[in-house]
Amino acid sequence: MSAMTSESWDVVVIGAGINGAGVAQAAAAAGYRTLVLEKNDQPALETSSRSSKLIHGGLRYLESLEISLVYESLRERELLIRLAPDLVHRQTFHIPVYEDTRRPQWMLCAGLGLYALMAGPLKNRFHRIGRKAASAIPGLEHKGLKSVFQYQDAQTDDAALTRAVLASAVSLGAEIRYRSALTRAQVRPQEIEVEVEGEEGSRHLLTRSLVNAAGPWVYPVNRRIDPPPPMAEPDRVQGAHLVLDEPVERAWYLEAPQDGRAVFLLPWKGHALLGTTETLYRGDPSEVHCLEQERDYLLEVQARYFPQRSTRIIDEMAGLRVLPAAEGRLFTRSRETVYVTDDPRSPRIVGIVGGKLTVYRKTGEQVVAMLRGVLPERKQRARTDQLPLRPA
Ligand SMILES: Cc1cc2nc3c(=O)[nH]c(=O)nc-3n(C[C@H](O)[C@H](O)[C@H](O)COP(=O)(O)OP(=O)(O)OC[C@H]3O[C@@H](n4cnc5c(N)ncnc54)[C@H](O)[C@@H]3O)c2cc1C
């Protein structure tokens, strides 16, 4: 690949999901000339609009002992509640405990106590509602009910948050091009030449560094780089959500009777959001959709706890988690972000594999810190931990 081009950037980011937005914001804040390329005609049309929409430490990750991930996520949660009050709000979650619940009450107390401690004083106090008061909660099955635990976390609109972070990046000088897909990248001694397929055909540009934030496409995009950084093919795990017509007042953390997984029932835009599932996915990422068995599974969870609730589905969504290839049950596999680089000492290319919406800012900062060695001196414009975010 070789074509004349005069266009030159410090950082080119592939993908305008939350991770690409986070990298673009961090890079632009650090003063770098930053370009985001997105194949779709808008940001956040893929995974970053199909999540459970939680800005959370991840109570369940304590069970898989991902202590540092939970700690970091709780720090980011508190920061986002402060920086983006119109986009991220505190939410009280409820965990009902029955005679046949797999996790005993002492385990929930220990987990919620540790979660509260890690969030910092007064940030995450939890309460136990006794049987009598819990049985009075409208709609909740009270046969066999022992108690309901209450704890604090936060909720967002994932796509709106992504748009806000991108708008922040643009206000700091970053540029975004939609309908622009990376088709090839050639690594040369001084720069990386990127081929972009857009509405006006194929174009070439030069960059000092390249960030692959293509979410479920991270592996195919990696293979388009010559030579490709050493990335093992990650697993893609489908997660479905149903939007149910009948609103729900409280946020619920439910133990699925089928397999003990956590399923959320959340207030969502005047309705209820029920999810999620975990199904290994091997197809084309653009064709992911909610499966019949996922609908049945989720509605069965709701019926166990709220037998009278309507099952009328008004919308549904399915997204793909990218999990670094490993052994073990999908539910307990690590959610830590893995970075794949062309050179561990002085990377020019970084691929983001996995991760969470909650820690997008930290991910962006980490990627920029990794690339700093190959980037020119630029004047810092802002700090991402001090930049307010507003709905775009
Ligand atoms: C079901 C589910 C529930 C989740 N719930 C939560 C939660 O509650 N809280 C939480 O913190 N995290 C959650 N996560 C994780 C979180 O949603 C993801 O980590 C995050 O959204 C991934 O963002 P991304 O930017 O990496 O990917 P994406 O949002 O998928 O963005 C990738 C972008 O790259 C673009 N792209 C791909 N190929 C190219 C190309 N060749 N050229 C140009 N552009 C390209 C795509 O069009 C896309 O816009 C959940 C994930 C799933 C699947």
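The shell around the ligand draws at least three residues from each of domain 1 (8–47 + 159–233 + 335–386) and domain 2 (91–154 + 235–331), with bounds taken from an automatic or database domain assignment. This is a predicted model, where local features need pLDDT of at least 70, side-chain atom pairs count only at pLDDT 80 or more, and totals for chains, interfaces and linings use all residues. Residues are numbered from 1 along each chain as its sequence is written.

**Around the ligand**
- Of the 38 residues around the ligand, Gly-15, Gly-17, Ser-52, Gly-215 and Gly-239 come nearest; a residue is near if its C-beta atom, placed from the backbone, lies within 6 Å.
- The shell holds 16 nonpolar, 15 polar and seven charged residues, and here Gly counts as polar.
- At least two shell residues come from each of α1 (18–29), β8 (181–187) and β17 (313–323); these are DSSP runs numbered from the N terminus, with helices (H or I) of at least four residues and strands (E) of at least two.

**Strands around β10**
- Strand β10 (residues 201–212) runs parallel to β1 (residues 8–14), joined by six bridges; strands pair if DSSP finds at least two bridges between them.
- Val-13 has Val-211 in β10 as its bridge partner.
- Val-211 also has a bridge partner in β19, namely Val-350.
- Strand β19 (residues 349–353) is parallel to β10, with three bridges.
- With β9 (residues 192–198), β10 pairs in the antiparallel sense over seven bridges, and Val-196 stands opposite Arg-203.
- A hairpin of two residues links β9 to β10.
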